[in-house]
Amino acid sequence: MTDEWARPSSLRAGKEFFDYAIEHGLMDKVVMEGLGRGGYYSLRFAQTYPKHIGALLLDNPLVDINELRRNVDWWNDVTAKWS
């Protein structure tokens, strides 16, 4: 899912894919790579499913979603999707 701002439904979708990959023989830990808001997703996934994380590779990650208040369009999108 793109542009979902790491809301719970997108984290669940990521976990479902992770579980599918495990069932088909991949390792039980993931290395997540995230840039900007993808870094926010990676951090939230790691926070939600810590035992499944092997490493995080982050480049300039968004770490505080409240910082998006500075961009009215993004903040409106965040509040619409999280409500």
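Strand 1 (residues 30–35) and strand 2 (residues 53–59) run parallel and are joined by six bridges; two strands count as paired if DSSP finds at least two bridges between them. The model is a predicted one, in which local features need pLDDT of at least 70 and side-chain atom pairs count only at pLDDT 80 or more, while totals for chains, interfaces and linings use all residues. Residues are numbered from 1 along each chain as its sequence is written, and side-chain values use heavy atoms, leaving out hydrogens and water. Helices (H or I, at least four residues) and strands (E, at least two) are DSSP runs, numbered from the N terminus.

Within the strand pair, Gly34 sits opposite Leu58 of strand 2. Together with helix 2 (residues 37–48), the two strands form a right-handed β-α-β unit: with the strands pointing away from the viewer, the path from the first strand over the helix to the second runs clockwise. Helix 2 spans 16 Å from first to last C-alpha over its 12 residues, close to the 16 Å expected at 1.5 Å a residue, where the expectation is 1.5 Å times one less than the number of residues.

Turning to burial, Gly39, Tyr40, Ser42, Arg44, Phe45 and Ala46 of helix 2 are buried (under 20% relative accessible area; exposed is over 50%, partly exposed in between; 1.4 Å probe, protein chains only). Their cover includes helix 1 (8–23), strand 1, strand 2 and helix 3 (72–82).

Asp3, in the segment before helix 1, is partly exposed at 38% relative accessible area. Asp3 touches Arg37, Asp77 and Lys81, leaving aside residues up to four places away in sequence; contact means heavy atoms within 4.5 Å.
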